[in-house]
Every structure is written in structure tokens, then in C-alpha cells.
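Me: I'm new to this one. Can you walk me through it?

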Amino acid sequence: MVGVLLGAPGSGKGTQSELIAPVLGVPHISTGDLLRAEAEAGTPLGAEVAPLLAAGELVPDELIERVLEQRLRAPDAARGALLDGYPRTVAQARELDRLLEAAGRKLDFVVTLDVDEQTVMERLRRRAAEQHRADDNPEAIAERLIEYRQLTEPVIDYYRARGVPVFVIDGTGSTEAVHDRIAETLQKISRR
């Protein structure tokens, strides 16, 4: 089973993906985490990515696709994966479809976390203080929210048009409450 968890920056995608992936029996794959790991490891790809991440800019699709394709080939992803925050654009969604099709797979569902911007801003400010992430500065946050609205929200319509089940989940409240909403939704998918 391959699924995607979408939502604005700070909507809780990473937290919820970490909770849901074990329930599904698949790895949680965050392209952001993969790219940050490359940057920290100082790999050639990491050297290309590091300045973009520090500036809060989007990493070129070609770089993301290389690291994602490699990760989806890992043995623990043989049964599927839960992608966190990817695809971010319709072009990436098309590329993901191509990657999955080439591997004899398909996208089974999309879950979108719906959180208002004020809550997102508060969460990201807290995360910046706790995790010291360079991409959680106020300017980068504002830019990422604009990019989400302009580039990522159309991905939801793309998947709906392709017949992929898309579920919009209220992402506010406690971590446990949001997890329960997602788990209930995924139970509906597994009954199909």
C-alpha cells in the first residue's frame, strides 16, 4: 500500500506519518528528511541541497526524484510506503505516478491535513525553537505557505481527477485526536 500525507508546513504531516506508517506496516518516507540527511552527510547531492534548504527554497524535482526513487527501492519499502509531503506539485505527482507504475505499483490513497494558517504559524515557531531548523525562520515559513497554496493544493485536485481516494482530515487538536481521525479513515480504505 502506497499513500501520501499532504498538508501545509507545520500541519503535522511528519508526526502523523510516524504514527500511521507502523499501523500500515510500511516505512514513513519524508523527502525533507531524506534531503536533510544528504545535506548533513555531506554527499555530493547534499552539497547541492544544503544551500537551498538553508534558504527555505524548494529543491529541484530532479534531485528529489533521485533520492526518492532510491528510497522506494529499499527492501523495507517492498510492501509500500507512506510519503510525507511529497508530491508538492502536479509535476511531481506525475513523476511519482511514473515511478510507481514502473515498479508495478499505484498510489492507494491521499490524506490531507487541514489546519488554519494561524495554527500552522504557531506550530512552526515552536518547532523552530525546539529543533533549530534553518528552514523554520519567519521569511521561509511565509514563502512555504504561499508555495503550498499555489503549488501543492492543486495536487489534491489532480489525484481526485485520477480517481485516487482523497481524504481531508481536520488536523487541529491533540496529536492523538488527529491520529484517531486518520486511523478511522484508513480503516475505511482497508475495507474496500
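Predicted model: local features only at pLDDT ≥ 70, side-chain atom pairs only at ≥ 80, totals over all residues.

Me: Is D116 buried, partly exposed or exposed?
Reply: D116 has a relative accessible area of 41%, so D116 is partly exposed.

Me: Where is D116 found?
Reply: In the loop between β4 (109-114) and α6 (117-131).

Me: Which residues gather with D116 in the patch of negative charge?
Reply: D114, E122, E153 and D170. The patch lies on the surface.

Me: New topic. How many salt bridges does a search of the whole structure find?
Reply: Nine. One of them joins the side chains of E95 and R98, at 2.5 Å from N to O.

Me: Where do E95 and R98 sit?
Reply: In helix α5 (residues 90-102). They are three residues apart there, so about one helical turn separates them.

Me: And are they buried or exposed?
Reply: E95 is buried, at 16% relative accessible area. R98 is partly exposed, at 42%.

Me: What about D33 and R36?
Reply: Their side chains meet in a salt bridge too, at 2.8 Å from N to O. Both residues lie in helix α2 (residues 31-41), three residues apart. D33 is partly exposed, with 38% relative accessible area.

Me: Which residue does K106 meet in a salt bridge?
Reply: D108, at 2.6 Å from N to O. K106 is exposed, with a relative accessible area of 54%.

Me: Last one. Where is S11?
Reply: In the loop between β1 (2-7) and α1 (13-24). S11 is at 2% relative accessibility, so it counts as buried. Its side chain reaches the backbone oxygen of A8 at 2.8 Å.

How values were computed
Residues numbered from 1 in each chain as written. Heavy atoms only, no water. Patch = residues over 30% accessible without salt bridge, like charges linked within 9 Å, V, L, I, M, F, W, Y side chains within 5 Å. Areas by Shrake-Rupley, 256 points an atom, 1.4 Å probe, with all protein chains shown as cover. Salt bridge = Lys/Arg side-chain N within 4 Å of Asp/Glu carboxyl O. Lys, Arg positive; Asp, Glu negative; His and termini not counted. Charge placed at Lys NZ, Arg CZ, Asp CG, Glu CD. Helix = DSSP H or I, 4+ residues; strand = E, 2+ residues; numbered from the N terminus. Buried < 20%, exposed > 50% of the residue type's maximum accessible area, 1.4 Å probe, protein only. Polar contact = N/O pair within 3.5 Å; in protein donor to acceptor, adjacent residues only side chain to side chain.
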